Amino acid sequence: MKIGVDYYPEQWDRALWKSDSDLMAKTGVKLVRMGEFAWSKLEPRDGQFDFEWLDEAISTFSRHAIGIVLCVPTSCPPLWMYETYPDIVQVGPDGNRIQTGIRGHRCLNAPMFIYYAKRITEQLARRYANNPAIAAWQIDNELEAYPCTCETCRGLFRDWLIDKYDTLDNINKAFGNSVWSSEYSDISQIQPPTAYPKAWQNPALCLDFARFSSDTVVKFVSDMSQIIKLENPRAKVTSNTFFCENAPDYYKLFSALDFTSYDNYPPVKLAGETEELSSHAFELDFMRGIRQRNFWVMEQLSGATGSWSPMGATPRPGQIKGYAMQAMAHGADTVMHFRWRTAVKGAEMFWHGLIDHSNVPSRRFEEFAELCKTASKLSVIETTELVSDVAILYSPDNYWAFNIQPQTEGFDYLQQLRYFHAAFTRYGTNVDIISPTSDLTKYKAVVAPAMYIYEKAAAENIYRYVIKGGTLIMTNRSGVKDTCNNCIMEPLPTVYREMIGAEVSEYDPIGETEQTISDFAGNKFTCRQWCDILKLTTARAYAEYKDSFYAGKPAVTMNRYCSGVTYYVGTVCKMDFYESLAGNIMKQTGIPRLKDLTKGVEVTTRTNGLDDYIFFFNNSEEEADITLPKPMYSIIDGNEKDKLTLMPFDMDIVRK
Ligand code: GLA
Ligand code: ZN
């Protein structure tokens with residue numbers, strides 16, 4: 001397993017590059033990422049390139065056999081470009097051009113920006129794509145599907161709509177433009193959703209604009225990637241992503257690239273008594289699910305974070321090493337720490353790296369050094385991957401549509417997925433988070449939370465899965481909208497009704513109000529946010545409401561459909577309900593459960609088909625003891641053990 005660091009040669013004296021590379025080599029660093037924001041150093045004036053410093057930086061590190069992740073610096077065009085071509089700057093949803101002086105201002109559709117972006121990428125690729133020191137390429141930085149509303153984007157959005165709907169008449173119908181006299185009589189009248197107030201905009205228009213903005217990002221990365229591949233078809237190209245408000249369609253984004261990479265900043269402070277979820281295991285499983293392959297962490301927590309916000313607590317002892325190992329437990333094959341050194345200049349000087357301003361390597365660095373040592377002993381897991389019995393479906397359309405129209409106080413689409421993830425992983429089983437159109441046949445249970453927007457391929461895929469004997473769990477707000485983001489005129493959950501064997505006779509968006517449901521065995525659970533009042537057709541009640549005018553009516557159902565089983569959860573509960581439901585479903589479907597796992601201990605398994613390696617991670621602030629069912633060999637310390645004692649954030653890996 002490889003550990004790397006993010007490094008900014010342009011921010012440090014050359015003498016430091018030399019001593020840093022020596023220390024990296026001694027510590028066991030295998031990769032260094034560079035070049036990400038350095039466009040003004042690489043092209044100080046239009047068409048004048050300076051690669052001498054980058055040549056030297058690359059050779060300084062590669063001399064120690066440290067591989068280079070070279071970045072295409074398109075996130076930060078030099079100021080001369082903005083001055084000459086002010087049109088390349090993004091225009092915000094309010095119609096105003098954003099101010100330059102920070103980073104990430106470029107509009108990914110602006111023709112002159114694309115011209116320069118392609119040229120710098122081509123220059124870098126020609127010079128370095130065949131350099132054996134280059135391990136991978138990163139395009140831009142944390143690309144968001146930013147809703148730019150500049151003239152170019154407006155024009156392209158109109159073309160995108162015509163391409164999709166063919167005629168203005170079709171667009172008018174798809175958007176329901178007879179509402180509020182919004183009918184387009186000329187294509188020039190189509191505008192991105194910039195009107196105020198935001199909440200009054202047409203949801204169908206908003207969803208298509210989100211899709212268009214995402215397609216923009218996908219096109220950009222695939223264009224840049226192609227330029228690199230022209231020089232070296234075997235080059236490995238990625239882009240570092242994260243969970244952002246303007247999330248692109250991660251599936252499309254990374255299908256245009258060679259592997260997924262993720263910026264991983266897990267929480268330093270764990271959830272308190274009142275919160276329920278804090279593990280970053282969800283994010284990691286999500287990243288692995290994008291391509292259903294192992295992934296890289298391109299940036300990993302290294303110190304106290306802050307800069308544009310007040311600083312948060314410094315990582316607790318164990319977290320630097322433990323969180324990197326947690327990422328590996330969920331499929332990361334490479335973890336790069338952000339960053340080797342804490343900046344002394346610029347806006348990010350308080351987003352701490354491994355080495356502090358003092359320039360004296362301290363506690364966090366020591367722990368990082370230990371991580372490098374441990375990782376170097378884990379080559380045996382490099383060829384392993386996670387195989388899961390449980391899948392949770394994430395859809396970009398649903399994500400965008402819920403952002404456009406929040407359903408009720410507290411309701412959060414991603415949180416719906418997180419509850420189920422936390423519930424199943426609580427029993428030590430692997431969980432995949434994947435696209436609703438992925439192959440589902442290998443899963444023993446599939447959770448399809450809030451399948452809000454209808455997508456034909458996804459609905460057919462889900463039906464096929466159940467018909468052939470799968471066990472499906474669906475939740476409230478499913479089948480609500482058609483593909484255009486308009487409501488479907490049928491009882492909910494519309495297209496899924498037959499399979500669910502129940503329908504929603506009325507719903508009650510109760511927001512933060514808490515009510516109670518009781519399951520078939522009389523166990524009581526708190527519910528909130530939303531109550532679907534269900535009418536059974538072929539299903540049976542699994543749980544019923546205890547309050548309000550619908551006391552006694554089904555809240556959760558279970559149905560046999562063809563060879564499969566479907567559960568429908570019409571409300572949103574607290575963790576104890578999801579744990580109980582997941583436990584029951586695992587029992588029914590024969591998914592192995594680890595019972596009595598100490599809270600906070602996370603268990604995953606990576607396999608190469610012959611050997612299984614079980615990762616035990618103590619994601620808590622208390623020491624944890626785990627009794628193994630039989631003596632097993634630890635690949636961390638080479639001892640045979642029948643009991644593990646894990647300090648906070650400690651990890652052990654045993655061969656089954
Ligand atoms: C993100 C970016 C980095 C840096 C870090 C910390 O993850 O990718 O460039 O800004 O945040 O601030
Ligand atoms: Zn634009």
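Predicted model: local features only at pLDDT ≥ 70, side-chain atom pairs only at ≥ 80, totals over all residues.

For Glu-348, a polar side-chain atom is 2.2 Å from an oxygen atom of the ligand, and an N or O atom in the side chain of Asn-141 stands 2.8 Å from an oxygen atom of ligand 1. A polar contact here is a pair of N or O atoms within 3.5 Å; within protein, one must be able to donate a hydrogen and the other to accept it, and residues adjacent in sequence count only if both atoms are side-chain atoms. Taken alone, ligand 1 exposes 300 Å², of which the protein buries 97% (accessible areas by the Shrake-Rupley method with a 1.4 Å probe; for residues, only the protein chains shown count as cover).

The residues surrounding ligand 1 include Phe-37, Arg-103, Glu-142, Asn-240, Tyr-265, Glu-299, Trp-308, Phe-338 and Trp-351, a residue being near a molecule or strand if one of its heavy atoms lies within 4 Å of it. The shell divides into five nonpolar, two polar and five charged residues. In this division, Ala, Val, Leu, Ile, Met, Phe, Trp, Tyr, Cys and Pro count as nonpolar, Asp, Glu, Lys and Arg as charged, and the others, Gly among them, as polar.

## The mixed sheet

An open sheet of 10 strands has the order S12-S11-S13-S14-S19-S18-S17-S15-S16-S20, with mixed pairing. Helices (H or I, at least four residues) and strands (E, at least two) are DSSP runs, numbered from the N terminus; two strands pair if DSSP finds at least two bridges between them. Strands S12 (431–434) and S20 (571–573) are at the edges with a single partner strand each, so one side of each has no neighbour in the sheet. From one strand to the next, the twist averages 20°.

Strands S14 (residues 471–475) and S19 (residues 564–569) run parallel and are joined by five bridges; Met-474 stands opposite Tyr-568 in S19. Helix H14 (residues 413–425) packs on this sheet, and the strands it touches include S11 (390–393), S13 (445–448) and S16 (524–536). The direction of H14 makes about 175° with that of S11. Contact means heavy atoms within 4.5 Å; axes are lines fitted to C-alpha atoms, for helices over the stretch in contact, and angles run from 0 to 180 degrees between N-to-C directions.

## The antiparallel sheet

Six strands form a further open sheet, ordered S10-S21-S22-S25-S23-S24, with antiparallel pairing. Its edges are S10 (385–386) and S24 (640–646); each has a single partner strand, so one side of each is left without a neighbour in the sheet.

Two bridges connect the antiparallel strands S23 (residues 624–634) and S25 (residues 651–655), and Tyr-633 stands opposite Arg-655 in S25. Helix H11 (residues 319–329) packs on the sheet by touching S10, S21 (601–607), S22 (612–618) and S25, and its direction makes about 145° with that of S22.

## Backbone exceptions

Most residues other than glycine have a negative phi, and most peptide bonds are trans. A cis peptide bond joins Phe-338, one of the residues around ligand 1, to Arg-339, with omega about 0°. Another cis bond links Leu-492 and Pro-493, where omega is about -5°. Gln-292, in the loop between helix H10 (281–291) and strand S8 (295–300), has a positive phi near 50°.

## Conventions

Residues are numbered from 1 along each chain as its sequence is written, while chains are lettered from A and ligands numbered from 1 in the order in which they are written. Local features need pLDDT of at least 70, side-chain atom pairs count only at pLDDT 80 or more, and totals for chains, interfaces and linings use all residues; side-chain values use heavy atoms, with hydrogens and water left out.
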